[in-house]
Amino acid sequence: MAKKRQETVKKKLETPLDETKNAKQMPKKEPKKRYKLNKKAITIISFIALVIAGYCIYKVVALVQNPTNVFSVEQGKIYQEEATIGYIIREETVVKGNNYKNGMMQIKTEGERVAKNEPIFRYYSSGEESLKKKIADLDVKIDEAMAGQKEILPSDIKAIEKQIEEKVASLVDINNMQTIRETKKEISNGITKKAKIVGEYSPSGSYLKKLIDERSKYEKQLNSGVEDLKAPVSGVVSYKVDGYEEILSPSNFSNLSKETLKKLDIKTGQVVADSLESGKIINNFGCYIACILNSKQAKEAKLGTTVKLRLPNNSEVSSSIEYISHEEDDTILVLKLSEQVQELVSYRKISFDIIWWSYSGKKVPNGAIRKRTKRRKRSMLCY
């Protein structure tokens with residue numbers, strides 16, 4: 001009995017210890033509690049990620065639908081221009097002689113500047129081609145005849161022949177037409193001089209003497225019909241004479257009218273052909289352009305106002321308004337320019353643009369501009 005009682009007491013004593021032991025083992029359930037906390041955090045993070053992703057998608061869609069909301073600022077220019085047709089007016093002096101029907105030979109090149117009284121071209125004499133051919137044939141015969149003349153002083157002939165050979169050799173390296181003409185003339189003079197010397201030493205009535213006398217006669221006929229034309233004033237030479245030099249003259253702009261300009265039979269942008277009868281001297285320090293406009297800017301234009309012009313070669317030049325005339329709904333303007341004058345010599349009628357005003361600065365899209373009113377002051381904000 002005593003033994004059973006001891007076992008019973010032992011069990012009672014052990015029971016609280018076991019419960020205490022089990023109680024100490026309870027914290028092992030904490031991992032399950034931490035798992036619940038991690039799941040909650042994951043849920044919050046996932047929600048935030050979805051919000052961010054949604055916002056990014058919204059921004060991408062908005063950018064695709066309206067891409068100008070994001071725009072790089074760069075240098076830009078705004079302007080108002082008007083396309084029109086213009087008639088070139090220049091200070092021109094036409095040069096024409098009496099023998100214009102014989103044809104002419106240009107002495108100066110197109111666009112070359114000359115001084116007053118400087119030769120610019122010459123008219124051929126009547127029957128010049130025939131006379132030149134006869135002289136050339138005689139030169140061949142004279143050369144053949146001179147080959148048999150032994151009594152001629154060799155020093156005189158050799159000096160002239162050397163000069164002729166040097167002139168002929170120099171023609172190879174010459175590109176300027178004026179220099180070529182002058183050199184050829186010097187060669188011809190050398191041949192003539194040589195023939196005259198030979199003629200002086202030839203006996204009277206000899207074959208060589210007859211050839212030289214005949215050549216002199218033809219040469220005299222050739223020179224008698226030649227007419228050289230000189231520049232009446234200094235300026236630039238041009239052979240592009242179209243017959244409108246007096247009509248389109250800066251001497252009196254009041255003669256210009258809408259009807260007068262419209263009647264001119266000139267094609268826009270057409271290059272004026274070279275004349276075979278005359279030339280002219282141009283003042284290349286400035287020219288004018290007359291045009292007919294019906295815009296508001298033209299009606300409100302004032303004398304002396306500076307405007308820019310864009311020419312056919314895309315060059316932008318400054319000009320000033322020199323003359324204004326109003327005809328019904330149209331306005332005739334005459335613009336003066338001092339740039340690109342030489343480039344316009346070949347034309348009488350061109351298409352060009354008038355740039356009434358222009359501003360340059362930083363360029364931004366219209367959608368990036370906002371208006372804000374603060375203290376009754378309006379300001380422009382760019383985003």
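Let's start with the surface. The accessible surface of this chain is about 26000 Å², and carbon and sulfur atoms account for 53% of that. Keep in mind that this is a predicted model. The chain has 383 residues, and 32% of them are buried. There are 8 helices and 15 strands.

Now the contacts. Take those between residues at least 6 apart in sequence. Of these, 77% join residues at least 24 apart.

On to the strands. Which strands make up the closed barrel? There are 6, in the order β1-β9-β12-β11-β10-β13, and the pairing is antiparallel. From one strand to the next, the twist averages 50°. Look at where β1 meets β13. Strand β1 covers residues 74-89, and its antiparallel pairing with β13 runs over 14 bridges. For one example, find Ile85: its bridge partner in β13 is Ser351.

There is also an open sheet. It has 4 strands, ordered β2-β8-β7-β4, again with antiparallel pairing. Which strands sit at the edges? Those are β2, residues 92-95, and β4, residues 113-114; each pairs on one side only. The partner of β2 here is β8, residues 279-282, and the two are antiparallel over 4 bridges. Within that pairing, Thr93 stands opposite Ile281 of β8.

Next, the packing. In soluble globular proteins, nonpolar side chains tend to be buried together. Here, the largest nonpolar core holds 21 residues. Which of its members touch the most others? They are Ile289, Leu309, Leu333, Leu335, Phe352, Ile354 and Trp356. The elements giving two or more residues to this core are β9 (287-293), β10 (306-310), β11 (316-327), β12 (330-337) and β13 (349-363).

What does Trp356 touch, leaving aside residues up to four places away in sequence? Its contacts include Gln80, Glu81 and Glu82. Leu293, Val307 and Leu333 are also among them.

Last, the cysteines. How many disulfides turn up in the whole structure? The search finds 0. Is Cys287 buried or exposed? Cys287 is buried, because its relative accessible area is 0%, and the cut-off for buried is under 20%. Cys56 has 41% relative accessibility, so Cys56 counts as partly exposed.

Definitions and conventions
Residues are numbered from 1 along each chain as its sequence is written. This is a predicted model: local features need pLDDT of at least 70, side-chain atom pairs count only at pLDDT 80 or more; totals for chains, interfaces and linings use all residues. Side-chain values use heavy atoms; hydrogens and water are left out. A nonpolar core is a set of buried Ala, Val, Leu, Ile, Met, Phe, Trp, Tyr and Cys residues joined through side-chain atoms within 4.5 Å. Buried means under 20% relative accessible area, exposed over 50%, partly exposed in between (1.4 Å probe, protein chains only). Contact means heavy atoms within 4.5 Å. Accessible areas come from the Shrake-Rupley method with a 1.4 Å probe; for residues, only the protein chains shown count as cover. A disulfide is a pair of cysteine sulfur atoms within 2.5 Å. Two strands pair if DSSP finds at least two bridges between them. Axes are lines fitted to C-alpha atoms, for helices over the stretch in contact, and angles run from 0 to 180 degrees between N-to-C directions.
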